[in-house]
Amino acid sequence: MRIALFGPPGVGKGTQAKMLSERRGLRHISTGVMLREAMAAGTPLGREAARYVNAGKLVPGEVVRKLAEAAIADAGFDDFVLDGYPRTVEQAHWLNDFLNAHDAPLQAVISIQVPDEVIVDRLSKRRVDRVTGENYHLDFKPPPPDIDPDRIIQRPDDRPEAIRKRLEVYRSETLPVERIYEECGKLFRVDGVGTMEEVYRRIEAVLELVSSPASSGRVRS
Ligand code: AMP
């Protein structure tokens, strides 16, 4: 399967992509994770990206494109789930051209829908284990007490100022991408409110629809 998860920050794209990766064997390709790895390693790319990521802005230019394309090629152009790419109309065109050139177009773009107030709550209460990358939520999934508290951090871009900026950027630069996939019948909206398992079942229902021979990609949400 070749799919992308779409939606504003905090809707659970990373969580669902991880579940899809574990249960369906899809390669989880997250440009955000790749950028944070470069930042943690202190590479020139990471240092440059940090200026944008920590402020909640999109990393400009072709850097992210190259990261995503290399990961897709490494996955063999199939069995992957994109998380956080494409995030602009330009990136969507790059991606479509790249995948079409390898005869491997996306089969579904799943847009996860969550009200803004839930997003702000999720992001401001999100904590991350900097060693494993595991995400926690202070109320619903608190970090286990036996983990060294120094390992549990708040992402700089999960602070209130950066959250506001990220939502603003999402609306102006990322949301228009939906239209591209809507027009070719590949966009599916799923409700992102509920438990991780509930949301996962909704995504699975879309994937079953898309892979059923009768659908031939014409089904809309
Ligand atoms: P995420 O982990 O997906 O929330 O991404 C974290 C941050 O990485 C974003 O707020 C951006 O600064 C940067 N980033 C991730 N993916 C992209 C992308 N496709 N284009 C530009 N910047 C990105």
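**Entry 1: helix 3**

I began with the packing of helix 3, whose buried residues lie against helix 2. The model I am reading is a predicted one. For helix 3 I listed Gly-46, Ala-49, Ala-50, Tyr-52 and Val-53 as buried. Viewed down the helix axis, these buried residues stay within an arc of 160 degrees, so they line one face of helix 3. I then turned to the face directed away from the buried side, where I found the exposed residues Pro-44, Arg-47 and Arg-51.

**Entry 2: the nonpolar cores**

I next examined the largest nonpolar core, which has 31 residues. Ile-72, Phe-80, Leu-82, Leu-95, Leu-106 and Tyr-181 touch the most other members. I noted that at least two residues of this core come from each of several elements, including strand 1 (2-6), helix 2 (31-41), helix 3 (44-53) and helix 8 (176-183). Helix 5 gives the largest share, five residues. I also recorded another core lying apart from this one, with 25 residues, among them Leu-5, Leu-26, Leu-167 and Val-210.

I looked up the contacts of Tyr-181, leaving aside neighbours within four places in sequence. Its partners are Pro-86, Ala-92, Leu-95, Asn-96, Leu-106, Val-109, Lys-186 and Leu-187.

**Entry 3: helix 1 and helix 9**

Finally, I inspected helix 1 (residues 13-24) and helix 9 (residues 196-211), which pack at an angle of about 65 degrees with axes 10 Å apart. Their crossing is right-handed. Helix 1 contributes residues including Met-19, Leu-20 and Arg-23 to the contact, and helix 9 contributes residues including Tyr-200, Ile-203 and Leu-207. I sorted the contact residues into seven nonpolar, two polar and four charged.

Terms used:
Residues are numbered from 1 along each chain as its sequence is written. This is a predicted model: local features need pLDDT of at least 70, side-chain atom pairs count only at pLDDT 80 or more; totals for chains, interfaces and linings use all residues. Side-chain values use heavy atoms; hydrogens and water are left out. A nonpolar core is a set of buried Ala, Val, Leu, Ile, Met, Phe, Trp, Tyr and Cys residues joined through side-chain atoms within 4.5 Å. Buried means under 20% relative accessible area, exposed over 50%, partly exposed in between (1.4 Å probe, protein chains only). Helices (H or I, at least four residues) and strands (E, at least two) are DSSP runs, numbered from the N terminus. Contact means heavy atoms within 4.5 Å. Axes are lines fitted to C-alpha atoms, for helices over the stretch in contact, and angles run from 0 to 180 degrees between N-to-C directions. A crossing is left-handed if the near helix is turned anticlockwise from the far one by less than a right angle, and right-handed if clockwise. Ala, Val, Leu, Ile, Met, Phe, Trp, Tyr, Cys and Pro count as nonpolar, Asp, Glu, Lys and Arg as charged, and the others, Gly among them, as polar. The arc is that of the directions from the helix axis to the C-beta atoms.
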